[in-house]
Amino acid sequence: MTSLPVASPGQKKLGLVIDLDTCVGCHACAVNCKEWNAGGVSAPLTDRNPYQDAPDGVWFNRIHSYEAGTGTASRTVHFPRSCLHCETPACVTVCPTGASYKRAEDGIVLVDPDRCIGCKLCSWACPYGAREYDVQEGVMKKCTLCVDRIYNEALPEADRVPACVSTCPAHARHFGDLGDPDSDVSKLVAEREGYALMPELGYAPVNRYLPPRPRAEPPAPPAPSGPPDIAGALLRWVDRVLSR
Amino acid sequence: MNPAFSVIFFTTASGAGYGMLFWLGLMAAIGAVPASGWFGVPALAVALGLSTAGLLSSTFHLGHPERAWRALSQWRSSWLSREGVAAIVTFIPALVLAVAWMAGAVPGRAGTVTGLIAALLAMLTVVCTAMIYASLRTIRQWHQPLVLPVYLLCAAFSGAVCAAAFLSCYPAGDPRLPALLAVAFGFAVLAAKLAYWRRIDRPVVAPDATGLGRFGTVRPLDPPHTEENYLLKEMGFRVARRHAARLRRIALMVGCVLPILLMVLALAGLGAPALLAAVPCMLIGLFVERWLFFAEATHVVRLYYGR
């Protein structure tokens, strides 16, 4: 059913918290996501022309790098983009077949590939570019929040997190229940003032982004000295040459 | 948005088909059409043929056309599903109307009732088609109050042009009423489209897609991928402003002004040739109009790519 499940109080809302302060833009999350999901419930994640001109393929993570601000105040921010598992996702309600659905028990948004007719309307309805069409399979694909990992009892408990989270070398990705105010992720969001993307569109994304921390004050420029210290400069040069 | 031929043809052809059915139903209800089934059945066949061609075309862009029937199931939440259901349900009164026409019940009470039901359902189908687009908050040019009226007016106008042309081919047919309606609705389409374009041309402040606006201007530094992906192919289509302006003029001149002139000429005595010539003009013009509707639509996801 593409009608949304009725949210109960204390509803479990599984999602990701992505730290834009520590993300180094290495794309490991995208690669490990691709690796896991190419064999997971959404398999295969088809690539077209992978070794030729204009390669194209299905990926659930895309990592943008932006420059925010201008001049000396600017900063580079790496920005991983994936499904935000919205509370009121239009991608689900526009689906004419019931292939797209939001799970009542944990809020994960999924696509049933056996029901999808490949009309692509859900990808039009998503403002975050979370859905990518698999041309070869003729169905829409999207992040599953690694539903086949997080409940997988064949995996050690520590590995029962989405592939992108487990692989992040900078610990910039956190996974948990954002519906529980006492969960680690909720506390992290509260502490770091995590924000939702484009909340004004009304889809109530679950994932949160932690903004880059304020920068430390730049060191004061060296005080202008008096007349040039030629003897000192000579000594420093001698010191540099001798210490080679 | 990528202007896919199959979807543009779908909205244009099925709009004209349901528009023609709308007028045939109404005219059957008031008895303004030839009573002979030899007129009614072919006329309905043309209307339903246009709609069917459009609906079939819309399945060509599906990844799994053989599963298209599944699209009828989610009418509670999905405008696309509602559109599919309405499109098919409309065939029932249309076919009953055809039978009634053959049986000599048009004009008559049976013709009036089925004609009105067919007209109402045809209109609802076009409403659903328009709402597929108008309900998407992600696309500014579609999430506009004028999109629904434009779709309805285009369907009414193109349907009237088709009905007038068909009536003129029939010896006992009097195309004056649909020709007059086509003139009126042609002007309405003209006005609605001009208002729509003025509305979408207004400068808007793009949303802060990344939430990084707090630091100042956000500029893409490194793209996530070097080639075009699905998102950019489907949602990244860009049409040059200069071309769009020219195409807008073509759409209105060929799609509205020329058919209106031909209708006026026909009413002034030129008759069938003018009415028939108006059909291809209207179809080409509305096709360009629908192409622009897609090509000029900008999806919010493009902001992540700095487009």
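Val300(B) lies in the segment after helix 10 of chain B. The model is predicted. The relative accessible area of Val300(B) is 10%. Val300(B) is therefore buried, the cut-off being under 20%. Beyond residues up to four places away in sequence, Val300(B) touches residues of both chains: Pro127(A) and Met198(A), together with Thr138(B) and Pro207(B). Thr138(B) and Val300(B) are separated by 162 residues in sequence, yet their C-alpha atoms are 5.5 Å apart.

Helix 9 of chain B covers residues 241–270. Its axis bends by about 35° at Met253(B). Buried positions include Ala244(B), Arg248(B), Ala251(B), Leu252(B) and Gly255(B). Further along helix 9, Cys256(B), Pro259(B), Ile260(B), Leu262(B), Met263(B) and Ala266(B) are buried as well. In an α-helix, with 3.6 residues a turn, residues three or four places apart point the same way. Just after helix 9, Gly271(B) adopts a positive phi of about 70°.

Chain B also contains a cis peptide bond. This bond runs from Val106(B) to Pro107(B), with omega near -5°. Pro107(B) sits in the loop that connects helix 4 (91–102) to helix 5 (109–134) of chain B.

In chain A, seven helices and 11 strands make up the secondary structure. The radius of gyration of chain A is 24 Å, whereas a compact globule of 244 residues would have a value near 18 Å. The C-alpha trace spans about 85 × 50 × 40 Å along its principal axes. Of the 244 residues in chain A, 53% are buried. Among contacts in chain A with a separation of 6 or more, 60% link residues 24 or more positions apart. The side chains of chain A include 25 positive and 29 negative ones. The centres of these two sets are 3 Å apart.

Helix 1 of chain A spans residues 28–37. Its buried residues are Cys29(A), Ala30(A), Asn32(A), Cys33(A), Lys34(A) and Asn37(A). They pack against strand 2, strand 3 (56–57), strand 4 (62–68) and strand 10 (173–177), as well as helix 5 (163–167), of chain A. The loop between helix 1 and strand 2 (47–48) holds Pro44(A). A cis peptide bond joins Pro44(A) to Ala43(A), with omega about -10°.

His85(A) has a positive phi, near 45°. His85(A) lies in the loop between strand 5 (75–81) and helix 2 (90–93) of chain A. With 0% relative accessibility, His85(A) counts as buried. Leu145(A) also has a positive phi, near 55°. Leu145(A) belongs to the loop between strand 9 (139–142) and helix 4 (147–150) of chain A. At 1% relative accessibility, Leu145(A) likewise counts as buried.

Notes. Residues numbered from 1 in each chain as written. Chains lettered and ligands numbered in written order. Predicted model: local features only at pLDDT ≥ 70, side-chain atom pairs only at ≥ 80, totals over all residues. Heavy atoms only, no water. Helix = DSSP H or I, 4+ residues; strand = E, 2+ residues; numbered from the N terminus. Rg over C-alpha atoms; globule rule 2.2 N^0.38 Å. Buried < 20%, exposed > 50% of the residue type's maximum accessible area, 1.4 Å probe, protein only. Contact = heavy atoms within 4.5 Å. Lys, Arg positive; Asp, Glu negative; His and termini not counted. Charge placed at Lys NZ, Arg CZ, Asp CG, Glu CD. Bend = angle between axes of the 7 residues up to and from the residue.
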